[in-house]
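Here is a short walk through one protein model. Keep the sequence and the 3D view side by side as you read.

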Amino acid sequence: MSDGLLVSLLVLAVLLGVGSAAFLVMRSPSFWSDLAKEIASKAWPQIKQVLTKRMTPEEEAEMRREQRAGRGDEWLRKWHRRKS
């Protein structure tokens with residue numbers, strides 16, 4: 001298959017999916033808005049925890065030392081694994 005045909009099929013599939021989603025939302029908008037609110041209310045505590053995760057002053061000082069030594073990225077990966 002040529003690249004142009006694959007791109008055309010991909011665009012067609014995306015447009016079909018968007019159109020189908022729009023049809024479902026227009027058919028029963030209150031269901032979808034209630035579903036979105038429910039999902040957001042359940043997911044918000046975890047999202048908030050990730051967004052507000054902070055380092056202690058000691059951890060931040062250690063991170064700065066590691067960055068000056070050239071090992072900052074590795075230290076941050078380890079810190080994220082410890083905190084999750």
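**Charges, rings and confidence**

Start with Arg 64 and Glu 60, whose side chains form a salt bridge, 3.1 Å from N to O. The term covers a side-chain nitrogen of Lys or Arg within 4 Å of a carboxyl oxygen of Asp or Glu. Both residues belong to helix α3 (residues 57–68). They stand 4 residues apart there, about one turn of the helix. Helices here are DSSP runs (H or I, at least four residues), numbered from the N terminus. Arg 64 is partly exposed, at a relative accessible area of 39%. Glu 60 is partly exposed too, at 33%. On this scale buried means under 20% relative accessible area, exposed means over 50%, and partly exposed lies in between (1.4 Å probe, protein chains only).

A word on the source. This is a predicted model, in which local features need pLDDT of at least 70, side-chain atom pairs count only at pLDDT 80 or more, and totals for chains, interfaces and linings use all residues. Residues are numbered from 1 along each chain as its sequence is written, and side-chain values use heavy atoms, leaving out hydrogens and water.

How many salt bridges does the count come to? It comes to 4. Side chains of opposite charge can pair when their charged atoms come close. One of these bridges joins Glu 38 and Lys 42, at 3.7 Å from N to O. These two residues are 4 residues apart in helix α2 (residues 29–51), so about one helical turn separates them. Glu 38 is partly exposed at 42%, whereas Lys 42 is exposed at 58%.

Lys 78 is partly exposed at 41%, and Glu 74 is partly exposed at 40%.

Now turn to the rings. The charged end of Arg 82 sits over the ring of Trp 75, 5.7 Å from the ring centre. For this, NZ of Lys or CZ of Arg must be within 6 Å of the ring centre and within 35 degrees of the ring normal.

Last, look at confidence. pLDDT is the predictor's confidence in each residue, from 0 to 100. The protein chain has a mean pLDDT of 89, with 98% of its residues at 70 or more. Confidence is highest in helix α1 (residues 3–27), at a mean of 92, and lowest in helix α4 (residues 72–83), at 84.
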